[in-house]
Amino acid sequence: MKNPFRRIFPTMANEQNLPEDDNLTADSTHVAGEMADGETTDPDQTATGAPQPEASRTEAELAEIKDKYLRLAAEFENYKRRTSKERIDLFKTANQELMVALLPVLDDFERARNATAATDDANAVRDAIEIIQSKLNKTLQQKGLTLMEAQGGPFDAELHEAITQIPAPSDDLKGKIVDVVEQGYYLGDKVIRHAKVVLGQ
């Protein structure tokens, strides 16, 4: 049976013989999905691809960070100068307080020297020295100085400095401190002078 559509549309071309439309022909210089040189879909970019507004924002942020850094550096320098001055003032004040506390002891030395200048009594001189020494010890203790108790105790390299060894006078003093040549002292909890000691062997 003949196809009735062929009689109605005798001039219809098949799919293989369709005429080409010039408007549908692809340009050889363009590929689907590609753009010509210089074209961009980003309105914030130039032909070179540089995002101008983003660069300006980055420069502003960099300038702000630099300003904060300079301010912080200046504040730190001021802090160092201030703390250095406070430390120096503290040392001066501490020395001043100690000197003021020792002035009465110095006065006692002067009075004892004047009082014993014309005497041959050794006991009077000894008594004067003991009084002054007691007053000096009391003043220094008030400032935090403490005598280190070393005699007869075990040797401790953190506290003591052994200058020699001698035969122990008794068995219980072997390896211990039998004599103190120079006293050790604490200032608060800190050792400011090690005791020089003699060990028994």
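**Contacts.** I started with contacts (heavy atoms within 4.5 Å). Among those in the chain with a separation of 6 or more, 58% join residues 24 or more positions apart.

**Ground rules.** I noted that this is a predicted model, where local features need pLDDT of at least 70, side-chain atom pairs count only at pLDDT 80 or more, and totals for chains, interfaces and linings use all residues. Residues are numbered from 1 along each chain as its sequence is written, and side-chain values use heavy atoms, with hydrogens and water left out.

**Confidence.** Next I looked up pLDDT, the predictor's confidence in each residue, from 0 to 100. The chain has a mean of 80, and 74% of its residues reach 70 or more. Residues 4-40 have pLDDT below 50, and I found four contacts in the model for this stretch beyond near neighbours in sequence.

**Layout.** I went through the helices (H or I, at least four residues) and strands (E, at least two), which are DSSP runs numbered from the N terminus. The chain has three helices and six strands, and along the sequence they read α-α-α-β-β-β-β-β-β.

**Leucine 106.** I picked this residue in helix H2 (residues 52-116). Is leucine 106 buried or exposed? My cut-offs were under 20% relative accessible area for buried, over 50% for exposed and partly exposed in between (1.4 Å probe, protein chains only). Leucine 106 has a relative accessible area of 53%, so it counts as exposed. For the chain of 201 residues, 12% count as buried.

**The sheet.** Then I traced an open sheet of three strands, in the order E2-E6-E3, with mixed pairing. Two strands pair if DSSP finds at least two bridges between them. The edges are E2 (160-166) and E3 (177-182), each pairing on one side only. E3 runs antiparallel to E6 (residues 195-200), over four bridges. Glutamate 182 stands opposite lysine 196 in E6.

**The core.** Which residues make up the largest nonpolar core? I listed seven: Met148, Ala150, Ile177, Val180, Ala195, Val197 and Leu199. Such a core is a set of buried Ala, Val, Leu, Ile, Met, Phe, Trp, Tyr and Cys residues joined through side-chain atoms within 4.5 Å. E3 and E6 are the elements giving two or more residues to this core, and E6 gives the most, with three. Last, I checked isoleucine 177: leaving out residues up to four places away in sequence, its contacts include Ala150, Phe155, His160, Val197 and Leu199.
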